[in-house]
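Reader: I am new to this structure and would like to learn how to read it. Please take me through it feature by feature.

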Amino acid sequence: MDNWVEVGTEEHFPEGLHMKAIGRRQLVIARLNGRLFAFDALCPHAQGPMERSEIEGAIVTCPLHAWRFDLESEGKELHGYRHLATYQVKVMEGRVLVDVESKRAQPHAA
Amino acid sequence: MADQRPSYTAIYETVRTIGRLLAPEGLHYLTEIPPEGSESELVIHLSCMAHYTPNVPLLAQRILAKLGLQALIVGGPENCCGELHKHFKDHDLEKQTAKIVMSGFRRAKPRKVVSICPDCDEVFGAHGVGRYPFQHTNISDLFIEHLDRLKAEMRPVNVRIVPHFHTINAARQRDAQNMMSILNAVPGLQILEPKHALGPGIHCQTLHPMPPADQERMFEEARSLGADALVVPYHSCYRQHCKMELKYGVPVHHMFNILAMALGIPFSEPFKEMRLLDSVDAVVEALRPRIERYGYDEQLVRAQIARAIFC
């Protein structure tokens, strides 16, 4: 079953964080050092606004309490707390696609 | 390498790292109160910055234990009241942060929640803490509530002290009165009467410290009065002023230290011990076993020590 949903063209996602609604889901599409990532718009801790994350490489930090998620490691929280749900992203002929059924979030690891 | 990470990350990571490096044995706190199984009539709310001075919450817990009172301690950046966001003028985040913490308290079904930091009192007050099903006060109120029982346990503390205080609004005047009531209850304690010990604003914040000239005058006066110590009501005043012992030979004590002395409760003062080493290098060396045990990056820790201990 094809779960890939087009969320825009590459030009829609310059370097930085971008909110995107897909149906009832709110996602952040991030371009960090040229690479695209997609993740839940709300922090799994206290629903902080992840589109306002502070960025360090591929680590995004929620501005509410600084839970830190490594997008290179499928949203792993660096202090051992709950992980951020991430989604697979691909680019085809300039179109950015997100697999909305590929949500990956591990349970509370602490 | 300086810590170049941006604002919230840098500040909260410093709280986590330095708080862990300075934590004494026996200080346990929750970052999140689970939905079930953590009921406690009393919650001690540790503000984020109070992690730098862990003797303060630990003594609060031990003093209460002396009275047979158990308290749940909640802390970490996860329990920031929102003052940091307020400082950065992120008022939406300030409100969200305050409400998250206040709602979180409810999971413990407390009768009372006490905060250590006066900023938390102010922020929670601004965001409707009075509408929650628990009473919220500064922790000094709690000791006043139990002062008669504490008095019965006290032994003499033969020390001459200068009290430092803040009186900018009614809440802080109340804290100042509470501190004086607590100190007056301690047998043997001689309370001197300074003219220059009033601090600015709500408390001696790192970002809005007591002006250096006023600080010098306060310690010159304390020394000239023959004080053995300067006693402060807040962790933040303690952080700012304890370095002055190096120049004036007058130690700074949080008021809980004096209570602990009177009650025979032993304590250590990790923040002060580190600050009085008077160099980042010396602090790194002193903390090296823990830095290595926790796998911290030394250069990053150096920047955090500079920010938290030598601010």
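Author: Start with two terms. Two residues are in contact if their C-beta atoms, placed from the backbone, lie within 7 Å. Helices (H or I, at least four residues) and strands (E, at least two) are DSSP runs, numbered from the N terminus. This is a predicted model, in which local features need pLDDT of at least 70 and side-chain atom pairs count only at pLDDT 80 or more, while totals for chains, interfaces and linings use all residues. Residues are numbered from 1 along each chain as its sequence is written, and chains are lettered from A and ligands numbered from 1 in the order in which they are written.

Reader: Which elements cover the buried residues of H12(B)?

Author: A residue is buried if 20 or more other C-beta atoms lie within 10 Å of its own, exposed if 12 or fewer, and partly exposed in between. The cover of the buried residues of H12(B) includes H2, helix H8 (170-185), strand S7 (229-232) and strand S8 (252-254) of chain B. Helix H12 (residues 255-263) of chain B is largely enclosed by the rest of the structure, because eight of its nine residues are buried. Among them are Met255(B), Phe256(B), Leu259(B) and Met261(B). After H12(B) comes Gly264(B), with a positive phi near 70°.

Reader: Which residues other than glycine have a positive phi, such as Glu93(A)?

Author: Most residues other than glycine have a negative phi, and most peptide bonds are trans. Glu93(A) is not a glycine, yet its phi is positive, about 50°. Its place is in the loop between S9 and strand S10 (95-104) of chain A. Glu93(A) counts as exposed because it has 6 C-beta neighbours inside 10 Å. Lys89(B) is also not a glycine and has a positive phi of about 60°. Lys89(B) is in the loop between helix H3 (83-87) and H4 of chain B, and with 8 C-beta neighbours inside 10 Å it counts as exposed.

Reader: In what order do the six strands of the open sheet in chain A lie?

Author: Two strands pair if DSSP finds at least two bridges between them. In chain A the order is S1-S10-S9-S4-S3-S2, with antiparallel pairing. Strand S1 (4-9) and strand S2 (16-22) of chain A are the edge strands, each pairing on one side only. From one strand to the next the twist averages 30°, where axes are lines fitted to C-alpha atoms, for helices over the stretch in contact, and angles run from 0 to 180 degrees between N-to-C directions. Within the sheet, strand S4 (residues 35-40) and strand S9 (residues 86-92) of chain A pair in the antiparallel sense over two bridges. Opposite Tyr87(A) in S9(A) stands Ala38(A).

Reader: Is Thr86(A) buried or exposed?

Author: Thr86(A), in strand S9 of chain A, is buried, because 24 other C-beta atoms lie within 10 Å. Leaving aside neighbours within four places in sequence, its contacts include Phe37(A), Ala38(A), Leu71(A) and Arg104(A). Leu71(A) is 15 residues apart from Thr86(A) along the chain, and their C-alpha atoms are separated by 7.6 Å.

Reader: Which residues form the covered face of strand S4 of chain B?

Author: In a regular strand the side chains alternate between the two faces of the sheet. For strand S4 (residues 135-138) of chain B, the covered face has His136(B) and Asn138(B), and the uncovered one has Gln135(B) and Thr137(B). Strand S3 (residues 112-115) of chain B runs parallel to S4(B), joined by four bridges. One bridge partner pair is Ser115(B) and Asn138(B). Between S3(B) and S4(B) the chain passes through helix H5 (residues 118-126) of chain B, in a right-handed β-α-β crossover. A crossover is right-handed if, with the strands pointing away from the viewer, the path from the first strand over the helix to the second runs clockwise.

Reader: Into which domains is chain B divided?

Author: Domain bounds come from an automatic or database domain assignment. Chain B has domain 1 (7-147 + 268-308) and domain 2 (154-263). The contact takes 27 residues from each of domain 1 and domain 2 of chain B. On the side of domain 1 of chain B that touches domain 2 of chain B, H2(B) gives the largest share, five residues.

Reader: How many residues of chain B are in contact with chain A?

Author: 13 residues of chain B are in contact with eight residues of chain A. Helix H1 (7-22) and helix H4 (91-106) of chain B each give two or more residues to that side of chain B.
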